[in-house]
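Dear colleague,

Please find below the sequence and structure that I am handing over to you. My notes on the findings follow directly after.

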Amino acid sequence: MSGSNNKLKDKQADGIGARLPRKEDIPILRGEGHYFSDIAVERQLHVMFLRSVHSHARILSIDTSAASQMPGVVAVVTGAMLQDEILALPQASTSAGLPGRLPTFWPLAVDKVKFHGEPVAAVVAETPYLAEDALEGITVEYEPLPYVGDMEAALEPSSPLVHEDWKDNEIFRSNYQALRTADEHAAHIKEARRRIAEAPFVVKQRFRTHRCGVTALEPRGALAVWDNRDGLTIWMTTQRPHAQRACFADVLQLPLSKVRVITPRNQGGGFGMKASVYREPLLVAHLARCLRRPVRWLETREENLMSAGQERDQIHDLELAADAEGNLVALADRIVADAGDACLGGSWAFPIANVGGLRLPNAYEIPFCDIELRVAVTNKAALCGARGLGIYPGRFALERAIDMLSWKIGMEPAEFRRKNFITTFPARLSTGLGYSNGDFLKTFDRLIETVDIAAFRERQKEAWSQGRFLGLGIAVGAEVSGVDSLSYVSMMGTPSYASVEVRVDPEGHVQIFYGDGPSGQGEETTIAQVVAEELGIDSENVSIIVGDTQTSTFAPGTVASRGAAMVLPSVAMACRSLKKKIVRVLAHDVAIAADEDDFIFADGYVMHRGNSNIRLSFAELAFRIVMKPINLPPGDSGGLDERATFESTRGNICFGAHAAFLEVWPETGRVKIERYVTSDDAGVVVNPLIVEGQIQGGVVQGISNFFFEEYVYDNQGQQMTSTLEAYKIATAADVPRIEMYHDAGTPNPTNPLGTRGIGEGCIAPVPGALGNAISDALRPLGIEITDLPVRPPTLFRQIDASRQRKQQAS
Amino acid sequence: MKAEVSITINGIAYSRTIPIRMLLVDFIRYEAGLTGTHVGCTFEGVCGACTVHLDGDAIKACLMLAVQADGRSVTTVEGLAKGNELHPLQVAFNQHHALQCGFCTSGMLMSSLDLIEKNPELSEETVRHGLVGNICRCAGYANIVDAILDVAQERGS
Amino acid sequence: MYPSEIEGYVAPCTVQEATEAFAKWGEETHYIAGGQSLMQAVKSRMIRPRCLVDLQKIVSIRGLHEDGSGHRIGAMTRYCDIASSRRLGGAFAALVDAASHVGDRQVRHRGTIGGSLCWNYISACMPVSNLAIGSQMSLVSLSGATRELGVDAFLGAPMETSRDEGEILLSIKLPQPAGRAGSAYRKWSLLTDGLPVIGVAAFLVLDETDRCALARIAVTGLESGPTRVPAAERALLGLAGSDRAEIETLLKDSASSLQIHSDEAGDAEYRKVLFRQLSLEVVTMAFDRALGSKK
């Protein structure tokens, strides 16, 4: 026991709210990160895939004889060889529960190929150089089949079939009946139609969004080792090691206990692209078991751009109606989404599009909605999760329609939004989705404060008179912040709770174990801050052990902004249990009656509030409880570790409002963003540096998607964008700095920390804000942005055509 | 088919017999075991994650054969810090939260170093322009720009 | 991803050793200059070299030289050295414009003017800038014979030049304009400093009254390869930089004379729009630079 006059701060300086530089940075900055491609094991072999050169073709024959004879080649495999050895996907354990069709597929194409880039054969060789050589020794004979590329045409009865065991190409359909009975739903639809028919103000417009996505800078990879006793150990790039484990077990017919999946400590970005169960790692695992040698696959960028991470292509035929006072009265939308071949374990493509329909009404009170989604399979790479899962298209369509409708009514779009926000919580959308809490107006008004709309309108008018085109666009998003198990089981076939174990060692160092697969979200730092806050120890004394199925219980993965929404609260809960135990022991030792509220945990000490003589270092107490568990309070045993599970209630959201100011040059159709501002409700912010990092990065991805990126398939289904020269990602010189505010949020009452997840959704308002701003700039020309991407040539053409029309008219 | 090379990396000479076709980045990663230098594209050389310095100039190690660097001096991200003392850029990247996943970071640091060493005066615009050879997918660039400007400013003063 | 097997690699120190190595290895031997384009082709296995003859150690074909007969740029001079050159202002500023915006700083540290000219990629910046300036190519053959060739004769369709098998481009000789001259190059691409959809270079020589006495305008990004625009060159004669309206009109008119293709990056109409914009910019700059060189 130490001396008196000890003053302890009530608040840990590196606790919740601190702008703490990240703990995980230093090794990365020194080049000592631990990424997938940095892992090597003795005697490892290398796999390379031969990929289809056709978008749709029957495989007539595959001749692997020459390749098998080439130097360093250990095995050459084809789909036909696999059918008797492993099971195909889907398997029950990780399949979506939604009523869609799940196509059957093996890691390598069997009988026919369904997209340009589908794996057809694989070579295993001593070095990757030799494996690539041997790919050239494989001869495949194809009989080309008609390319199914247009999602609407694919849904016509006359379309050729992508999956020939299906009667058509529709993988999923939903009308968002929610909890209504069939009769109630019919009445709901009828009322929506009536309101649209009778409303004084209606916008009816088709919107199209393009295929683009995320392309994490680190490609995918898997390294599998087989051991007769332990089974399979697989290091791989994945956001969801536990879900992957279940799929490996299913396909290879192994018990879960014989499969260990490890996400390396550092992962070079994921953004949803590493959340699916892909073909290639399944084959890598199988080969390691067959060949009894470690097998490694490191994806090339070309493979990545051809087969992973493609999202967002949807068509919306949307109608939005308002009454004479400017209240939204009904929404109708016919959505068609392109699922590619949908051969993707874990999500199966269509649940992604389904989320888009479910969340379509966004932050608005729209009492009646008639939304129908049809998802088509086509001869493209499977639709794959990407940040802003499923909603980027819908946000674009609705936020654009909101602006169009405002101008029709003659209202400033910001005012129209204010008038129609959901203001009472909990709220339920017509689609069935619930929002538990929030304050959209408060967060929105913070944005409006920084954006002097009246002054801008003056500037805009002045500019127009000089032939310059300035625009302001606003858009919002009520976005996911963790998903509850009820939704997640039906979407992904897995639960969504967070489960963490907190262990304190005898020196007072705290380790947190959990089973997600992060990729740069700063989780080690934010977790350390929560622990520092709760246990009053230095965040330096906290580390995480994450991404290993062997050291964690089931975890759904680093997806859907679960980190702040679920993982951090569960860490806090475990710490609070530990605190109780520490206080019990301490009170027992000094023979007082006390509970944890009587003690301050700060600066590495635990001190009695009323008696500063009762003061022990956290490390001393840890040592006492872990190593000297004698004379403990009745009922307590030794050791200082705790597991906690947390799942936020349904309908947890974060809310973001964006404003873009830009200028359009009519001479070339070029657009320059002058200012981009966001106001977000991130709840209680654990680390502002990290929250701002997420928003800055998410918005820039959204901008890059909007202007630059596109996966292009030609009219034969040839993928034309398989290099980073062709698939254009914004560089530092192509994007603005984002101005961010997160001081007008609301603590989330549904979890013990008040936090909200921000990462997933912050991209979603971007296309609406930009589309609205460009359309606003071009109002004198009557141009509405309805199709993405927005590229200078198309914008120029629209401007030119509009000017010519105007000239002819005058 | 094979050739003998001696390449100095971060002051240490690595003498190896290697296939002529071996890329410099593979030599750095697998022969010298320095895995801080990353690979993010196939053959196009666009992502910049493999940026190292060759005799003091930032270059892409994926667009060179190792034999071309025979007798020359390479600096990788591992060569930035002097023992425990981090390079000011490394410190600034940490302070400004200039990295998230960190996969681009090695290349970004090596390009930044080239940028500040060769340009006495830098502005937000020149820094952004100077980084077009390095793609960052997470951070949205602004914090990277701030970190570089910080170091440049300190150097100038 | 990985190059196919390469049997030989030679890094000679003299031009003669280089041609000898080339002759010795014969078929599928390639010279490699900066390698920033060649390595893409080698890694994608579009090119499968049996032997690479690396020119990087040949000091004699590197660097900028100036003698009584004008500027000579060694073929192995890197973009970064051209970009930072103080000698190449005014008349030859187009080369500086081009070199400063090729690819990125890493590429500019390796890529060379000679490599770019010999590769003659469809949207490359160096060939078109040299075409506008009217450079002379100096080449040496396998037998050691040297020849001089105008850039117009040297450059062909994209990826084609009149360089013979085994011939090495030694240097690029810049013309000595008979008066004050200025040049400029600008390109347009979706991403900053990306491969351009279109790029335009202009080279102007003025007479004593500051009027255009000679004009060379060239475009890159066309299917035909780097292409001169004779209609614009003729129409510019006799005009002064202040004749802005006339210049604008003549450039607009000459855009219609161009054979332009459409693709993903932009249709023919849009490329013409870009040509009008960029050509106006570079002609204006070239006038300014020519006038600036008077002082």
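**Findings for chains A and C**

A:V225 is found in strand β10 of chain A; please bear in mind throughout that the model is predicted. The residue counts as buried because 23 C-beta neighbours lie inside 10 Å of A:V225, the cut-off for a buried residue being 20 or more. Apart from neighbours within four places in sequence, A:V225 is in contact with A:V41, A:T233, A:A288 and A:P294. Of these, A:T233 in β11(A) stands opposite A:V225.

The strands β10 (residues 221–227) and β11 (residues 231–236) of chain A pair in the antiparallel sense, over 6 bridges. Both belong to an open sheet of 7 strands in chain A, with mixed pairing and the order β3-β5-β1-β13-β10-β11-β12. At its edges are β3 (73–78) and β12 (259–262) of chain A, each of which pairs on one side only. On average, neighbouring strands of this sheet are turned by 20 degrees against each other, direction ignored.

Two helices of chain A may also be noted. Helix α4 (residues 128–135) of chain A lies across β1 (45–51), β3 and β5 (119–125), and runs at about 30 degrees to β1(A). Helix α7 (residues 241–252) of chain A lies across β11 and β12, and runs at about 145 degrees to β12(A).

Chain C is divided into domain 1 (8–54), domain 2 (59–173) and domain 3 (180–292). The centres of domain 1 and domain 3 of chain C, taken over C-alpha atoms, are separated by 36 Å.

With kind regards

Notes. Residues are numbered from 1 along each chain as its sequence is written. Chains are lettered from A and ligands numbered from 1 in the order in which they are written. This is a predicted model: local features need pLDDT of at least 70, side-chain atom pairs count only at pLDDT 80 or more; totals for chains, interfaces and linings use all residues. Domain bounds come from an automatic or database domain assignment. Two strands pair if DSSP finds at least two bridges between them. Helices (H or I, at least four residues) and strands (E, at least two) are DSSP runs, numbered from the N terminus. Axes are lines fitted to C-alpha atoms, for helices over the stretch in contact, and angles run from 0 to 180 degrees between N-to-C directions. Two residues are in contact if their C-beta atoms, placed from the backbone, lie within 7 Å. A residue is buried if 20 or more other C-beta atoms lie within 10 Å of its own, exposed if 12 or fewer, and partly exposed in between; C-beta atoms are placed from the backbone.
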